[in-house]
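Please keep the sequence and the model in view while reading.

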Amino acid sequence: RSLERITIPLKDGLFPEDDIFEGCINLKHVDLVERAALHETIAALHLEGWKNDMHREIDSINQILPSTDWGFAWEGENREPGEKALVIRMWIRTVLGKMIHYKAEHQRVLDVAGTTLVLALPRDIVMKNI
């Protein structure tokens, strides 16, 4: 119940049960195992807006979690599992979804740039440098 911080991988399906953090009133911070690698990937994205959006999304869990219901159990059948696991699951899915989207957009920009170069440069220059 005194759990304040967790370090987890960015993996969907990590917390299938809603009651995993039941009673963890102090859980307020999530760190990612692969944070350094994730930030390298984000740094490689083309647009600053994409980078800023990803950094905001990754950091958002630590703004949301402190005010998220922690749940509690009563004697007998009455239980309230809280929403911390649900919020963390939703956050993981959002971060993964945005990363997939931005990486696909990044690849699309590279493909367009490559095609533009091929069309703009004389054929002999392109063939010598490929």
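Ile20 has a relative accessible area of 43%, so Ile20 counts as partly exposed. The model is predicted. Ile20 sits in the loop between strand E1 (5–8) and strand E2 (29–32). Beyond its neighbours within four places in sequence, Ile20 is in contact with Phe15 and Ala85.

Ile20 and Gly82 lie 62 residues apart along the chain. Their C-alpha atoms are separated by 9.1 Å.

## The chain as a whole

How many helices and strands does the chain have? There are 4 helices and 4 strands. Read from the N terminus, their order is β-β-α-α-β-β-α-α.

The chain has 130 residues, and buried residues make up 30% of them.

## H1 against H2

Two packed helices are described by the angle between their axes and the distance between the axes. Helix H1 (residues 35–43) packs on H2 at an angle of about 155°. The axes of H1 and H2 are 9 Å apart. The cut-off for roughly antiparallel is over 145 degrees, and H1 and H2 are therefore roughly antiparallel to each other. The crossing of H1 past H2 is right-handed.

Which residues of H1 and H2 meet? H1 brings Arg35, Leu38, His39, Ile42 and Ala43. H2 brings Lys51, Met54, His55, Ile58 and Asp59. Sorted by class, this contact of H1 with H2 has 5 nonpolar, 2 polar and 3 charged residues.

## H2 against H3

H2 also packs on helix H3 (residues 84–120). Their axes come within 10 Å and cross at roughly 175°. H2 and H3 are therefore roughly antiparallel to each other. On the H2 side, the contact is made by Trp50, Asp53, Met54, Glu57, Ile58, Ser60, Ile61 and Ile64. On the H3 side, the contributors are Val87, Ile88, Trp91, Thr94, Val95, Lys98, Met99, Tyr102, Glu105, His106 and Val109. By class, the contact of H2 with H3 has 12 nonpolar, 3 polar and 4 charged residues.

Met54 and Ile58 of H2 take part in the contact with H1. Met54 and Ile58 are also among the H2 residues that meet H3.

Leu45 lies in the loop between H1 and H2. Is Leu45 buried or exposed? Its relative accessible area is 4%, so Leu45 counts as buried. Residues up to four places away aside, Leu45 touches Trp50, Lys51, Met54, Tyr102, Lys103 and His106. Lys103 is 58 residues from Leu45 along the chain. The C-alpha atoms of Leu45 and Lys103 are separated by 7.3 Å.

His106 belongs to helix H3. With 17% relative accessibility, His106 is counted as buried. Neighbours within four places in sequence aside, His106 is in contact with Ala44, Leu45, His46 and Trp50. The side chains of His106 and His46 are joined by a polar contact of 2.8 Å.

## Asn62 and the end of H2

Asn62 is part of helix H2 (residues 48–64). Why does Asn62 count as buried? Its relative accessible area is 16%, and buried means under 20%. Residues up to four places away not counted, Asn62 touches Lys28, His29 and Val30. With His29 there is a side-chain polar contact: Asn62 and His29 are joined at 3.4 Å.

Sequence neighbours within four places aside, Pro66 is in contact with Lys28 and Ile61. Lys28 is also one of the residues that Asn62 touches. Pro66 and Ile25 are 41 residues apart in sequence. From C-alpha to C-alpha, Pro66 and Ile25 are 8.4 Å apart in space.

Note on methods: Residues numbered from 1 in each chain as written. Predicted model: local features only at pLDDT ≥ 70, side-chain atom pairs only at ≥ 80, totals over all residues. Heavy atoms only, no water. Helix = DSSP H or I, 4+ residues; strand = E, 2+ residues; numbered from the N terminus. Buried < 20%, exposed > 50% of the residue type's maximum accessible area, 1.4 Å probe, protein only. Polar contact = N/O pair within 3.5 Å; in protein donor to acceptor, adjacent residues only side chain to side chain. Contact = heavy atoms within 4.5 Å. Axes fitted to C-alpha atoms, helices over the stretch in contact; angles between N-to-C directions. Parallel < 35°, antiparallel > 145°, perpendicular 65-115°, else oblique. Left-handed = near helix turned anticlockwise from the far one by under 90°. Nonpolar A, V, L, I, M, F, W, Y, C, P; charged D, E, K, R; others polar.
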